[in-house]
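Here is my note on the model you sent over. Please read it with the structure open beside you.

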Amino acid sequence: MTASQTVHGPANKLDLLAALVGRHTGPAFAFAPGGVVTAISATYYTVSGLSKHVRLGDFVEHCSSVGTHLGQVIKVESDQVHICPIEPGEPIGIRDSVLRIGEFKVSPHDSWCGRAIDALCRPIDDRGPLVQGDVARSIMSTAPPSMSRRRVEEGFRTGVKAIDIFTPLCFGQRLGIFAGSGVGKSTLLSMMAGADAFDRVVIALVGERGREVREFIEDTMGENMKKSIAVVATSDESPMLRKMAPLIAMTIAEHFRDKGENVLFIADSVTRFAHAVREVAIAGGELPISRGYPASVFTELPKLLERAGPGLEDSGTITAIISVLVDGDNHNDPVSDSARGILDGHIVLERGLADEGRYPPINPLSSISRLARKAWTPDQEKLVMRLKTLMHRFEETRDLRLIGGYRQGTDADLDMAVRQVPAIYEVLKQTPGDKRVADAYAELAIALRNVAAQGQMPALKRG
């Protein structure tokens with residue numbers, strides 16, 4: 001309904017409500033009574049008359065002189081509720097009507113693949129309206145029961161050599177990529193998004209730079225976008241939209257998982273999701289308890305991340321790969337620490353390795369996959385443990401070797417590390433434009449054999 005339109009002829013308040021909310025072609029809602037705006041602040045507005053009819057997290061429709069706008073309940077008191085507007089700049093006036101809508105629901109459809117949508121399930125790619133599916137899903141759904149979920153058993157290859165060798169993944173695993181700003185998280189995510197192992201890819205771009213969205217969809221994803229859906233909330237959008245984007249994306253991923261498909265869920269980044277939750281929580285009056293973060297941040301993180309993983313016995317899986325922006329390169333900041341405890345593994349990107357030109361700048365000694373043993377063969381596991389031993393020996397003696405304290409022949413393991421670790425590092429180098437490697441172990445074995453032949457040293461056995 002535009003500013004110049006008027007609703008004519010509704011027989012009662014329910015008909016009026018249906019006419020107002022009928023403009024939403026995507027989400028489906030349940031209706032309930034309304035109230036009026038009594039106070040307005042910079043981050044939320046207060047409504048009386050709704051306290052008995054709403055719960056925390058419910059959505060409402062604010063009716064202003066220029067149209068209708070969505071908001072979410074962030075605080076409920078006995079005589080009033082606090083509501084955070086979904087989109088910034090909404091014209092809110094005292095005594096404006098506010099109608100309860102209920103849960104925000106989406107109806108995913110297979111035709112959404114190849115599309116880019118915003119955090120309210122509206123298309124942003126100028127390719128027409130979205131076809132609505134038969135089932136409406138709440139974006140605040142819960143994870144499947146623990147004892148009813150499938151076990152994680154089968155590994156897959158990402159095409160990124162450093163990951164496939166040192167931190168291999170399984171279908172249904174949840175992995176975090178931890179790094180400071182500008183180290184290469186988004187680049188690595190784009191490389192992993194091209195994995196051929198998945199039926200669908202759902203991407204949540206949270207707080208991203210607006211100029212990068214089109215580049216990511218058209219250039220980075222390329223042909224893979226045909227089986228992908230991108231949910232976008234850029235950095236200039238409201239905290240409510242940045243909070244909703246990964247929830248919408250996860251709901252879409254659950255739709256495909258329940259159809260029996262293997263889905264790759266990518267979120268860049270969960271830290272900006274946490275920042276959005278923090279802004280909304282502080283607007284609702286929550287007090288910060290851990291370095292500026294309210295308690296609800298550490299409640300919302302597991303609610304989102306636990307929804308990923310294997311589904312029920314007769315369904316598919318959601319493999320989640322999320323980026324975690326480490327504030328000030330401190331890997332123990334509250335969000336990083338909380339996410340690391342929830343996830344099934346973490347990959348650490350180091351700024352020093354990026355400065356050396358080693359891309360992706362993954363530190364294999366600090367990275368871990370908790371399900372690696374399900375993806376490795378016994379021989380591969382022995383090989384990787386041996387490689388890590390050599391790499392650790394190489395790194396811990398770096399200063400000693402720089403000052404000339406190393407003499408060849410005094411330590412056989414160190415001699416092997418000095419000759420072979422640089423070759424290992426060279427093999428692990430990879431850029432998004434490089435050809436994907438089907439068997440990273442084969443390429444590594446060739447490099448080590450060449451080093452052994454040059455130095456007449458025994459090569460490590462390939463698993």
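This is a predicted model: local features need pLDDT of at least 70, side-chain atom pairs count only at pLDDT 80 or more; totals for chains, interfaces and linings use all residues.

The points below take up domains, pockets, cavities, salt bridges and backbone geometry in turn.

1. Domain 2 against domain 3. Domain 2 brings 20 residues to the contact, and domain 3 brings 21 residues. Between domain 2 and domain 3, about 2000 Å² is buried. Carbon and sulfur atoms give 61% of that area. On the domain 2 side, look at Lys161, Ile165 and Phe166. These residues supply 37% of the area that domain 2 buries against domain 3, more than any other three residues.

2. The salt bridge across that interface. One salt bridge is counted between domain 2 and domain 3. Elsewhere in the listing of pairs, Glu443 and Lys161 meet through their side chains in a salt bridge, at 2.8 Å from N to O.

3. The largest cavity. A search of the whole structure finds two cavities of 30 Å³ or more. The largest cavity holds about 70 Å³ of space. Where does the largest cavity lie? Domain 2 (104-371) and domain 3 (377-453) both give residues to its lining, so the largest cavity lies between them. Its lining consists of Ala162, Arg358, Tyr359, Pro360, Ile362, Tyr425, Leu428 and Lys429. Six of the lining residues are nonpolar, two are charged and none is polar.

4. A cis bond in that lining. Tyr359 and Pro360 both line the largest cavity. The peptide bond from Tyr359 to Pro360 is cis, with omega near -5°. Pro360 sits in the loop between α9 (351-355) and β21 (368-369). Please inspect this loop together with the cavity.

5. The largest pocket. The largest pocket has a volume of about 660 Å³. It is lined by 28 residues, and the closest to its centre are Leu56, Gly57, Met140, Lys243 and Glu300. Elements that give two or more residues to this lining are β4 (67-76), α5 (239-258), α6 (270-283) and α7 (297-305). Both domain 1 (29-101) and domain 2 (104-371) give residues to the lining, so the largest pocket lies between them. The lining divides into eleven nonpolar, eight polar and nine charged residues.

6. The second largest pocket. About 420 Å³ of space lies in the second largest pocket. Of its 20 lining residues, the closest to the centre are Ser186, Thr187, Glu208, Arg209 and Glu212. Two or more lining residues come from each of α3 (185-193), β13 (200-208) and α4 (210-221). Which element gives the largest share of this lining? That is α4, with five residues. Six residues of the lining are nonpolar, seven are polar and seven are charged.

7. The search of the whole structure finds 31 salt bridges. In one of them, Arg100 pairs with Asp58, and the closest N and O atoms are 3.3 Å apart. Arg100 is in strand β6, whereas Asp58 is in the loop between β2 (45-48) and β3 (59-64). The two residues are 42 residues apart in the chain.

8. Backbone exceptions. Most residues other than glycine have a negative phi, and most peptide bonds are trans. Two further sites therefore deserve a look against that background. The peptide bond from Asp268 to Ser269 is cis, with omega near 0°. Ser269 lies in the loop between β15 (262-268) and α6. In turn, α6 gives two or more residues to the lining of the largest pocket. Arg95 is not a glycine, yet Arg95 has a positive phi of about 75°. Arg95 is in the loop between β5 (81-85) and β6 (97-102).

Note on methods
Residues are numbered from 1 along each chain as its sequence is written. Side-chain values use heavy atoms; hydrogens and water are left out. On a 1 Å grid over the protein atoms alone, a cavity is a set of points where a 1.4 Å probe fits but cannot get out, and a pocket is an open set with protein on both sides within 12 Å along at least five of seven lines; lining residues have an atom within 4 Å of a point. Grid points are joined across faces, edges and corners, and a volume is the space filled by probe spheres set on the points. Helices (H or I, at least four residues) and strands (E, at least two) are DSSP runs, numbered from the N terminus. Ala, Val, Leu, Ile, Met, Phe, Trp, Tyr, Cys and Pro count as nonpolar, Asp, Glu, Lys and Arg as charged, and the others, Gly among them, as polar. Domain bounds come from an automatic or database domain assignment. Contact means heavy atoms within 4.5 Å. Buried area is the accessible area (1.4 Å probe) that two parts lose on being put together, summed over both. A salt bridge is a side-chain nitrogen of Lys or Arg within 4 Å of a carboxyl oxygen of Asp or Glu.
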